[in-house]
Amino acid sequence: MTARPRPHLPMRPAWLCRNCAAPWPCGPARLDLIAEFYGHSIALAFYLASSMQDAVDDMYGLGGRPDLAVMRTRFLGWLSLARRSRQADRY
């Protein structure tokens with residue numbers, strides 16, 4: 001019996017990956033999300049925007065002051081790259 005790989009899910013309120021401890025969404029989580037939301041890029045953008053808002057709220061709740069530009073890049077900045085790679089699959 002082989003062990004199934006552990007999913008790369010966020011650990012709140014720190015928003016670190018439960019598997020690799022990188023800031024979530026980590027690289028493997030991004031790949032998983034692209035696969036899960038394949039063909040539904042708008043739904044993925046809404047999911048990530050909602051997750052970003054939760055992360056910002058959690059940081060404020062912990063007494064921090066999140067850098068919103070960094071949070072945007074972390075949660076949403078990679079979406080255009082994911083979409084471009086999907087468009088390349090069509091050609």
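The sulfur of C20 lies 3.6 Å from its closest cysteine sulfur, that of C17, too far for a bond. The model is predicted. For C17, the closest cysteine sulfur is in turn that of C20, at 3.6 Å. A disulfide requires the two sulfur atoms to be within 2.5 Å, so the spacing of 3.6 Å is too far for a bond. The structure accordingly holds zero disulfides. The two cysteines were also examined for solvent accessibility. C17 is buried, at 2% relative accessibility. C20 is partly exposed, at 38%.

One joins R12 and P13, with omega of about 10°. P13 sits in the loop between strand 1 (10–11) and strand 2 (16–17). A cis peptide bond also joins W24 and P25. Here omega is about 5°. P25 belongs to the loop between strand 2 and helix 1, which spans 27–36.

Positive phi values were then considered. W15 is not a glycine, yet its phi is positive, at about 60°. This tryptophan is found in the loop between strand 1 and strand 2, the loop that also holds P13. W15 is buried, with a relative accessible area of 3%. A21 is likewise a residue other than glycine with a positive phi, near 65°. A21 is placed in the loop between strand 2 and helix 1, where P25 is also found. At 51% relative accessibility, A21 counts as exposed, whereas W15 is buried.

Note on methods: Residues are numbered from 1 along each chain as its sequence is written. This is a predicted model: local features need pLDDT of at least 70, side-chain atom pairs count only at pLDDT 80 or more; totals for chains, interfaces and linings use all residues. Side-chain values use heavy atoms; hydrogens and water are left out. Buried means under 20% relative accessible area, exposed over 50%, partly exposed in between (1.4 Å probe, protein chains only). Helices (H or I, at least four residues) and strands (E, at least two) are DSSP runs, numbered from the N terminus.
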